[in-house]
Amino acid sequence: MSRSTDAEATRGGLKIVEDATCTFCGCVCDDIELHVQDDHIVKAKKACVLGTSWFLNHEVEDVPSCRIEGRPASVEEGIERAAKILYEARYPLIYGLSDTTCESQRVAVSIADWIGANLDTTTSVCHGPSGMAFQGVGEVTCSLGEVRNRADLIIFWGSNPAESHPRHFTRYSLMPKGMFVPGGRKDRTCVVIDVRKTKSARAADVFIPIRPRKDFEALWTLRALAAEIEVDLEQVERETGQPLVVWQDLMDRMKAARFGVIFFGMGLTMTRGKHANSEALLALTRDMNRHTRFVCKPNRGHGNVTGADNVVSWRTGFPFGVNLGRGYPRFNPGEYTASDVLANREADAAMIIASDPMANFSQPAREHLKSIPYVALDPKETPTTRAATVAFTVATYGINVAGTAYRMDDVPIPLRPAFDSPHPSDYEILRGIERRVQKWYAAEVRSGRWEV
Amino acid sequence: MMWWCASRTATIGNSGPVRSSPVWLFAAFDPLALCGMLRQAGIMTNETFILIPGRTSDQGCGISEGKYAQRYSQAISTVQMNADDMKRLGLEEGCAVRIRSEFGSVVLPVVAVKGDELPCGLLFMAYGEYSSRLMGGETHGSGMPTSKGMDVTIESADPSEIDTGRIS
Ligand code: SF4
């Protein structure tokens, strides 16, 4: 893959990369100016605290590009062993994918197809429940550019962008002066709904603290108010933790808005109700369009998790939790999602790409992953790479590797790398694995074992 | 890593925690005084809380610095509590507490949350290895384990049991 970029210049002995793209979070800011000295970035202008940490800490790791069972090995040996592990498995799992390029994601899906794997992305433990809800209700949506130029009521529900997406406010949602909101922040009202008074709540005009695990009840209260259905005063307060007047005030603001948007986070999807919470929010957004223009958007976390949804969707027809074991795609969250495949002790081998289930999954899922042979690809050492049978240290996407990432509003954005890495990209590793499994599959077809 | 409060060893003893102490026994006492007494005796009643793991700036920056670097380990290995809850339970900044869910337990230092960020009855910690140990494998047909809003109990623990720095 090309690693060069045409947006480079030199200033005071430093290489300057203009309009570089930060892939740390779903905002995928593409206006960063990088100052590069040899093989590290010394300055990342316009990047937030998370973006700065992302750029300044991705130096070249002085470690072997490949380890097999903890011992340094050549990349070729690693690819051979990795391909063997996956090809010989009866129920291989391919998981991760949210922190790599769409080009690599595409190859990972191809491998899953060749070997009949179970394929899942980190979406399943982030906005997977919302992915299920989109299929049930649909999504009234728009780009972040529309929010920037039109939105006069911004609601954050179970989302804390001040800490998770620090430039969300300034680049897209609260502060910008837009075409139809020329006064910027002055022309917008911000409401935060959360169980705790987060840093984002401090930036809001209205903060509504709700009882933990009662998002579903609060959302249905709003749906009832949107439809002017009478609700029980006492029950509303008891269930949601807020009196009806608070919800009525919010509904009045929502109806009076010219363009409203609800950004929702994992406060909805990771808690009791999960996809039912997301469904209620999507349905509320749909309801609001009887009164005014209203949209909603999940605040997506990892840099290219939206790309993973897109690539897996256009390759298999489903966004995550896809099983290709029968030679055609089947989608069933709760069965083919990585947490379940591991916790239920079904997978007998795995390939983990750019994610860290050994740190983030439940104990039974981690225990099972530890007990099976698996391959891990990551630019950094993590609990997942440490316990892997074959671990590859790969170049970092967006810093060393070019390609494409999708912003959280499904807008594809090119990556402009800053310097080369001595480590291979995950694309190169995945292509190597794909070539091998393809070759073995073709040999088996020729020998008459498989029909095509 | 010895970055938590140095006074903890002086305030918590070594005997094991009391489990499922009958509520009626405490009703006649001032709860604060009682917790202080229990703490001095090295024990503290089981208290039920709702745990909300989530993202923080430090945890996010720590991921880029490396999961075995200090910033990340520190960010994920502290539990935050409302100052009033801490006072009520007789806990001091940096005291070791055992957080137990239906699925696992961890021992971490507790710190008071700044201002009114966290209401009483709620705990907050940054996502990571320790919050994951408290999660169950069941996803209720969604692919997503319940990772926020978990029921947990809190009891005092010996500082030597703190899990900090033992990332696998
Ligand atoms: S908001 Fe997100 S994408 Fe933008 S600079 Fe910060 S971390 Fe990077």
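## A buried threonine

Thr21(A) is buried, with a relative accessible area of 0%. Keep in mind as you browse that this is a predicted model. Thr21(A) sits in the loop that joins β2 (14-20) to β3 (32-37) in chain A.

What surrounds Thr21(A), once neighbours within four places in sequence are set aside? The contacts include Val28(A), Cys29(A) and Asp30(A), along with Phe55(A) and Gly398(A). Ile413(A), Pro414(A) and Leu415(A) complete the list. With Pro414(A) there is a polar pairing too: a polar atom of the Thr21(A) side chain lies 2.9 Å from the backbone oxygen of Pro414(A).

## The nonpolar cores

Phe55(A), met above as a contact of Thr21(A), also belongs to the largest nonpolar core, which has 44 residues. Phe55(A) is among those with the most contacts inside this core, together with Ile32(A), Leu34(A), Ile41(A) and Ile154(A). Apart from this core lies another, of 40 residues, with Ile85(A), Leu86(A), Val311(A) and Leu324(A) among them. In soluble globular proteins, nonpolar side chains tend to be buried together.

Leaving out residues up to four places away in sequence, Ile32(A) touches Val17(A), Glu18(A), Asp19(A), Ala20(A) and Cys22(A), among others. Its contacts also include Ala44(A), Lys45(A), Lys46(A) and Ala47(A), as well as Phe55(A) and Arg167(A).

## Helix α3

Helix α3 of chain A covers residues 102-115, 14 residues in total. From first C-alpha to last, α3(A) reaches 20 Å, close to the 20 Å expected at 1.5 Å a residue.

Is α3(A) mostly covered or mostly open? Mostly covered, with 10 of its 14 residues buried. The buried residues include a run from Val107(A) through Ala108(A), Val109(A), Ser110(A) and Ile111(A) to Ala112(A). Cys102(A), Ser104(A), Gln105(A) and Ile115(A) are buried as well.

## Two positive phi angles

Most residues other than glycine have a negative phi. Glu69(A), which is not a glycine, has a positive phi near 50 degrees. Glu69(A) is in the loop between β5 (66-68) and β6 (71-72) of chain A.

Lys274(A), likewise not a glycine, has a positive phi of about 40 degrees. Its place is the loop between α12 (266-269) and α13 (275-288) of chain A.

Notes
Residues numbered from 1 in each chain as written. Chains lettered and ligands numbered in written order. Predicted model: local features only at pLDDT ≥ 70, side-chain atom pairs only at ≥ 80, totals over all residues. Heavy atoms only, no water. Helix = DSSP H or I, 4+ residues; strand = E, 2+ residues; numbered from the N terminus. Buried < 20%, exposed > 50% of the residue type's maximum accessible area, 1.4 Å probe, protein only. Polar contact = N/O pair within 3.5 Å; in protein donor to acceptor, adjacent residues only side chain to side chain. Contact = heavy atoms within 4.5 Å. Expected span 1.5 Å × (residues − 1). Core = buried A, V, L, I, M, F, W, Y, C linked by side-chain atoms within 4.5 Å.
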